[in-house]
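Please keep the sequence and the structure in view while reading.

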Amino acid sequence: MSQAIKESIVSENNLSHRCAKFSQTAKLQSLSEYSFNFWQKLLRRSIPITSAAIALSVSVILPSQASTISYSGDTTNAPTFNRPQTEGFEGGTNPPTSLSSNGTAVPYYSQPFFVDTTGSYNVVGSQAFLGIQFLYQNSFNPTTPLVNLLSGNDPFPDEGTSGFSGLSLTANNQYFLVTTGFDNSNNSFGTFTNTITGPGNITLVPEPSSIASTVVFGILGSTLRLKRKLKKLKSVN
């Protein structure tokens, strides 16, 4: 075989190798661009979802205000405490000064709230059980249920209803309306609705944690991970 033919074969092999290498590089670059475009589109789609979730979170977390306000709850499987003694069936005082011997481990629901106008307020509660209400000021600790206790009321005027009439509340003080049951039986927990009315706006204070905020932080975390992935793909390109 002549030298010229050998050189021609070597040249063709080198050219074929370079073409294959170029084709592979082009495929990788195309795949990288495809991945970059995919994640970029995914990030763009996640932004409206995140914004909507944040809006939902704000609407859930912001306190609600009104001169008449209602809220509902359920004390089934709720934490329990030894409630204070009431003046009705148990013959106690108001405000209570001792703990009940009937309700030593009753489920409860505590709702913090404020009013912006000093005056007389009413609480009407409707319970699907034998309910009792207690009102605390400044703080409520179930382990010390007589501390900061302002008033207590057992079923009023009938079983399944309990509340207060003519509560003297001070503007900008924090209050805690605690809904609980009479004794340790199965008739002392369940669903309820409380309505507070008065001369000023009543602000219900939500719990510090909420499902909405958890969802938002989860979405934000996913968005940040997408951004980091896009940054890596961009550096490859």
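A residue counts as buried when its relative accessible area is under 20%, as exposed when that area is over 50%, and as partly exposed in between. By this rule Tyr136 is buried, and Phe140 is buried as well. The structure is a predicted model.

## Overall architecture

The chain contains two helices and nine strands. Along the sequence these elements follow the pattern α-β-β-β-β-β-β-β-β-β-α.

Of the 237 residues in the chain, 34% count as buried. The accessible surface comes to about 13,800 Å², and carbon and sulfur atoms account for 57% of it. Among contacts with a separation of 6 or more, 81% are made by residues 24 or more positions apart.

## Confidence of the model

The mean pLDDT of the chain is 75, and 58% of the residues reach 70 or more. Over residues 48-61 the pLDDT is below 50, and this stretch has 15 contacts in the model beyond near neighbours in sequence. Residues 207-220 also have a pLDDT below 50, with 15 contacts beyond near neighbours in sequence.

## Nonpolar cores

The largest nonpolar core has 17 residues. Within this core, the residues with the most contacts are Phe113, Leu135, Leu169, Leu177, Ile196 and Ile202. Two or more residues each come from S1, S3, strand S4 (119-127), strand S7 (161-169), strand S8 (175-181) and S9. The largest share, four residues, is given by S9.

A second, separate core has twelve residues, including Ile132, Phe134, Phe176 and Val178.

## Aromatic pairs

A search of the whole structure finds eight aromatic pairs. One of them joins Tyr71 and Tyr109: the ring centres are 6.3 Å apart and the planes stand at 25°, so this pair is stacked. The two residues lie in distant parts of the chain, 38 residues apart, with Tyr71 in strand S1 (residues 64-74) and Tyr109 in strand S3 (residues 106-115). Tyr71 is buried because its relative accessible area is 8%, whereas Tyr109, at 25%, is partly exposed.

The rings of Tyr136 and Phe140 have their centres 4.7 Å apart and their planes at 55°, so that pair is tilted. Ring pairs also link Tyr136 and Phe140 with Phe81 and Tyr108 into a cluster.

Beyond its neighbours within four places in sequence, Gln111 is in contact with Tyr71, Tyr175, Phe176, Leu177, Leu204 and Val205. Among these contacts, Tyr71 is a member of the stacked pair described above, Leu177 belongs to the largest nonpolar core, and Phe176 belongs to the second core.

## Gly200 in strand S9

Gly200 is found in strand S9 (residues 191-204). Is this residue buried or exposed? Gly200 is buried because its relative accessible area, 4%, is under 20%.

Leaving aside neighbours within four places in sequence, Gly200 is in contact with Ala66, Ser67, Asp116, Thr117 and Tyr121. The C-alpha atoms of Gly200 and Thr118 are separated by 7.5 Å, although the two residues are 82 residues apart along the chain.

## Ser188 in the loop between S8 and S9

Ser188 is placed in the loop between S8 and S9. At 0% relative accessibility, Ser188 counts as buried.

With which residue does the side chain of Ser188 make a polar contact to another side chain? That residue is Asp183, at 2.8 Å. A polar atom of the Ser188 side chain also lies 3.4 Å from the backbone nitrogen of Phe182. Apart from its neighbours within four places in sequence, Ser188 is in contact with Pro107, Phe129, Leu130, Gly181, Phe182 and Asp183.

Methods. Residues numbered from 1 in each chain as written. Predicted model: local features only at pLDDT ≥ 70, side-chain atom pairs only at ≥ 80, totals over all residues. Heavy atoms only, no water. Buried < 20%, exposed > 50% of the residue type's maximum accessible area, 1.4 Å probe, protein only. Contact = heavy atoms within 4.5 Å. Areas by Shrake-Rupley, 256 points an atom, 1.4 Å probe, with all protein chains shown as cover. Phe/Tyr/Trp six-rings, centres within 6.5 Å; stacked < 30°, edge-to-face > 60°. Core = buried A, V, L, I, M, F, W, Y, C linked by side-chain atoms within 4.5 Å. pLDDT = per-residue confidence, 0-100. Polar contact = N/O pair within 3.5 Å; in protein donor to acceptor, adjacent residues only side chain to side chain.
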